[in-house]
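Hi everyone, thanks for coming. Please have a look at the sequence and the structure, and then we can walk through them together.

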Amino acid sequence: LKRYIHRKLRKKWSPAQIAKELKRDYPLDMTMRIVPETIYTYLCVLPRGSLKKELLSCLRQNRKRRHQQSRGVKMERKLEDMLSIEERTKEVEDRIIHGHWEGDLIIGKNNRSALGALAERTTRTTILIPIKNREAETVAKAFAKEVKKFPQQMKLSMTYDQGREMAQHKLFTDITGVKVYFAHPRSPWERGANENTNGLIRQYFPKGTDFKKVSRYEVKKAQHQLNGRPRAALDYQKPYEVFNQLINQKCCVKS
């Protein structure tokens with residue numbers, strides 16, 4: 001679908017023309033459907049660079065910003081100096097190389113508390129992080145403290161959503177040296193490891209949990225149990241087993 005849209009834009013087609021033509025070219029394929037407004041939104045969230053400049057120049061009015069058409073909906077503000085998920089290397093998406101993580105917050109009762117969650121994309125290893133509050137600096141420092149404990153080969157990248165709690169991503173990178181990427185708004189499938197893991201975490205901490213009343217011992221106990229459960233995606237091996245095997249293999253190769 002993306003290749004089709006790019007091709008038509010380069011031919012100076014409008015988003016409305018592209019949406020109509022898709023139905024003609026793929027009458028039975030419902031995955032090849034899009035509305036014009038989604039194309040405009042897609043162009044707006046593209047990272048700065050030659051691709052964005054080229055595709056925007058193909059639009060008839062060549063607007064750098066697309067104003068929200070529906071009333072009562074606020075335009076989302078992008079975080080400062082954020083790197084789009086589209087700038088990640090393909091190896092991350094394909095889960096070829098270990099050491100690429102996704103970070104998220106599990107929100108507690110009445111949105112007044114939260115629990116940090118990191119998920120390694122390949123081994124499915126989960127790290128749970130108690131945090132004092134949802135302020136961006138607090139979150140960045142708490143996440144960085146845990147990530148600094150990882151072996152160097154397991155500290156390659158981090159992917160977040162665009163929540164304001166992640167606004168201090170540069171501080172996190174300064175502390176850890178780990179580059180941070182951001183998924184598109186309302187695109188949970190781009191952080192599949194987090195989404196799958198969050199469902200498992202809710203088995204231990206259901207919605208409505210007040211994380212201010214949950215001890216660090218309880219958090220780490222849940223983490224240990226999560227990583228000690230066989231996972232179908234790992235051919236029913238345990239995340240800790242796979243993680244440790246990788247570390248030991250790389251240590252042997254170096255020695």
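**The cavity and the chain around it**

Let's start inside: the largest cavity holds about 40 Å³ of space. A cavity here is a set of points on a 1 Å grid over the protein atoms alone, where a 1.4 Å probe fits but cannot get out. Its volume is the space filled by probe spheres set on the points, which are joined across faces, edges and corners. With a threshold of 30 Å³ or more, the count is 1 cavity.

This is a predicted model, where local features need pLDDT of at least 70, side-chain atom pairs need 80 or more, and totals for chains, interfaces and linings use all residues. Residues are numbered from 1 along each chain as its sequence is written, and side-chain values use heavy atoms, leaving out hydrogens and water.

Which residues line the largest cavity? Among them are A136, V139, A140, Y160, H169 and F172; lining means having an atom within 4 Å of a point. Helix α6 (136-147) gives the most, with 3 residues, and α7 (169-176) also supplies at least two.

Now step back to the chain, which has 10 helices and 5 strands. These are DSSP runs numbered from the N terminus: H or I of at least four residues for helices, E of at least two for strands. Of the 255 residues, 44% are buried, that is, under 20% relative accessible area with a 1.4 Å probe, protein chains only. Finally, the C-alpha atoms fill a box of roughly 60 × 45 × 40 Å along the principal axes.

How values were computed
Buried < 20%, exposed > 50% of the residue type's maximum accessible area, 1.4 Å probe, protein only. 1 Å grid on protein atoms, 1.4 Å probe; cavity = no way out; pocket = protein on both sides within 12 Å on 5 of 7 lines; lining within 4 Å.
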